[in-house]
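Thanks for coming. Please have the structure open while I talk.

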Number of protein chains: 2
Amino acid sequence: MARIVMKFGGTSMAGIERIRTVAARVKREVDAGNEVAVVVSAMAGETDRLVGFCREASALYDPREYDVVVSAGEQITSGLLAIALQAIGVPARSWLGWQLPVHTDEAFAKARIGTIETDALLAGLMSGEVAVIPGFQGVAEGNRITTLGRGGSDTSAVAVAAAVKADRCDIYTDVDGVYTTDPRIVPRARKLKKVTYEEMLELASVGAKVLQTRSVGLAMKEQVRVQVLSSFTGGADVEGAPMADTLPGTMIVGEEEIDEVERQLITGIAHDKNEAKITLTAVPDKPGAVAAIFEPLAAANINVDMIIQNIAHQSNGGGSASATDVTFTVPAADLPRSLEALNQAREAIGFGDLIHDTRVAKISVVGVGMRSHAGVASQMFTTLGQRGINILAISTSEIKVSVLIHEDETELAVRVLHTAYGLDAEVA
Amino acid sequence: MARIVMKFGGTSMAGIERIRTVAARVKREVDAGNEVAVVVSAMAGETDRLVGFCREASALYDPREYDVVVSAGEQITSGLLAIALQAIGVPARSWLGWQLPVHTDEAFAKARIGTIETDALLAGLMSGEVAVIPGFQGVAEGNRITTLGRGGSDTSAVAVAAAVKADRCDIYTDVDGVYTTDPRIVPRARKLKKVTYEEMLELASVGAKVLQTRSVGLAMKEQVRVQVLSSFTGGADVEGAPMADTLPGTMIVGEEEIDEVERQLITGIAHDKNEAKITLTAVPDKPGAVAAIFEPLAAANINVDMIIQNIAHQSNGGGSASATDVTFTVPAADLPRSLEALNQAREAIGFGDLIHDTRVAKISVVGVGMRSHAGVASQMFTTLGQRGINILAISTSEIKVSVLIHEDETELAVRVLHTAYGLDAEVA
């Protein structure tokens, strides 16, 4: 007997037939003697429809009313799944965010979960009743509905799992696990059996969008064992007859749960084309100059990622002062606002030209193994250099090395690195 | 300054453009210095969509979960109207059924409103904030969402108006008032300026479906002045420029509000084709025989309307016992269940044949004036008889006379009665 939280995304909830398939999957866990809470997303497309209504009603919509509108999508699917479960003989009821309640802060449209009250929820689970909980929603002080921001249902599931001390949080999605890299680029990419929270955080933050980043951070903090697996493998039988087993997915766990022998130096390779490179030329090489660049960006709430400052050289202006070029990256979506902020600060910074380029990609190799193993970065640079791929910028963390390259070389870089780090699957 | 409840139906809320028109109408009342609460329906078609989902998930859906699903429709429109009001500078917020709360009993899917808590609501209204309240929904003991049954938003509006002691409850709908009869049948039908609660109840119960019957009963009990008027007359200007005045609708009020001189003998003529006639032949003419017929129907929760027992005659069976025919009407939708119940009780009742006919119509003349004026019924029978219209059954109440006729003669009967009672509008 285990206590399990199961989470199903919008594609799994898109229409009654699919909701029936979900119900059959839940029944299997119940029949195996488990206590089950299910967290559901809205039907695929529904949240977009509701967000569209709000935007059409007013570009500057009140986020409190936006939350009233968009939370309805998950309310609908939670009631429907409860009905579908009852129809196959599984006791079930829905628990809306305000009913449990799921307490959040008052950051409407992007709220964070505080505590989840579990007395009624646990009493239900222990009596054998499946709890169906709409993801993405909670309630703030003053009894107003909040939502957690797009993708928030993953975070809801992990938060519920932490609150009820679940043995496992199974996230059913449209991929069947976490891979060493994007299988569309490298057909010999392997599905990982296990990945650590830290690695998953780095992978999620650099473009491997299996889970909302915040949900991984919460799982790490609360030590929730998360499994990513597919909604669509394994036959579903609405009548309750045995289904083919779901293929095992990827477990996201603490480092101590991964055996020494299982550990790879590098766990995965991610790529992210949503970066933009900005270069300021002829920035005066004097104290405070760099601060003058990044202060206006911080004030505009823009995250700067990689930064390179070139070696100072004599200014072209002919004077004796030396100058330098400063290059950095920002999210591509923030490029227009970044350029505006920098141009407004032109006087204070005193740069020459403002150059930008969105045809760049960030390639990251991630693995907890590199903590105890030198040479990962140099192997990366050598491998890319041998294929003539030019590195525009570098950044590193304890378990990640990222390089910025030209966008056109993304697939080539991922493939050669995947091979170089020994990640290619054996050919049968 | 007045306190006004405005209610808008699904057609008025169908899409953001129409919601903007509603917002402009609300702004007009606010600009006139009134305190305004708005009760809204779901977008036209949305409740059907959500009910369809529930039925598809299970024919025997749990009404508690059904209420979670279908209440989402009004939740969405209440948030959207609040956003649309704010966009034109009108302070507004939504108040969901569980937030006010609107307390109901636990008859899920067909709940009745108990009390509505008004402290927060009144504080908002008095501060100049428009309250947007989703119709059709409330909350039962144990904090579970309830809905009031189809058309329940009218009842919500009247209940809110009673709770906040509103000066008026304006029901905006797709007709512009209550008419002396269906204008599609009688082009010279007149819009009534005023109608009493009692008359409106009789008209609503015999097919003039402008308002949900229950809402009229509640308005009468709570003495809420209700106005029925059109959403679609009067030009709407989203920019907030003056709109052409809404044409006055029909006020539904207590009898004392209608001047002696305004009173007509007959207020209106309604027709209803949703009845079915059942005849049992050769029922034994003995004590308890009629009770044996209607007990199984009552047990099946079927409302019997008109009843005629023919004069007893000698049974064809040749014995000395006399027998009689019994004819009555039931809602056409209940005909199959009625026949089944009667056939099952065949032994106990002891009838000859079971004959039914759905090609019948009930024509009703309604008016509080007939209380003090004899001859209304006989004028009806004479008028119909002169045109050769055969009367199959008769029933009367204090302010209504109804006859059952052949369905094909419905329009003819309505037209000749409309003229006979002097209801035809003057031709300009």
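Predicted model: local features only at pLDDT ≥ 70, side-chain atom pairs only at ≥ 80, totals over all residues.

Start with the domains. Chain A is divided into two parts: domain 1 takes in 3-175 + 210-258, and domain 2 runs over 264-428. Taken over C-alpha atoms, the centres of these two domains of chain A are 37 Å apart.

Now the helix. Find H8 of chain A, residues 213-222. Which of its residues are buried? They are A:Ser215, A:Val216 and A:Ala219. These residues lie on the same side of H8(A), because they cover an arc of only 100 degrees around the axis. As a reminder, an α-helix has 3.6 residues a turn, so residues three or four places apart point the same way. Following H8(A) comes A:Gln223, with a positive phi near 55 degrees.

Next, the interface. On chain A, 39 residues are in contact with 39 residues of chain B. About 3,300 Å² is buried between the two chains, and carbon and sulfur atoms give 62% of that area.

How many salt bridges are found across the interface of chain A and chain B? There are two. A:Arg49 makes a salt bridge with B:Glu46, and their closest N and O atoms are 3.3 Å apart.

Which parts of chain A touch chain B? Several elements each supply at least two residues, among them helices H1, H2 and H3 and strands E3 and E8 of chain A. The largest share, eleven residues, comes from H4(A).

How values were computed
Residues numbered from 1 in each chain as written. Chains lettered and ligands numbered in written order. Heavy atoms only, no water. Domains from an automatic or database assignment. Buried < 20%, exposed > 50% of the residue type's maximum accessible area, 1.4 Å probe, protein only. Helix = DSSP H or I, 4+ residues; strand = E, 2+ residues; numbered from the N terminus. Arc of directions from axis to C-beta. Contact = heavy atoms within 4.5 Å. Buried area = accessible area lost by both parts, 1.4 Å probe. Salt bridge = Lys/Arg side-chain N within 4 Å of Asp/Glu carboxyl O.
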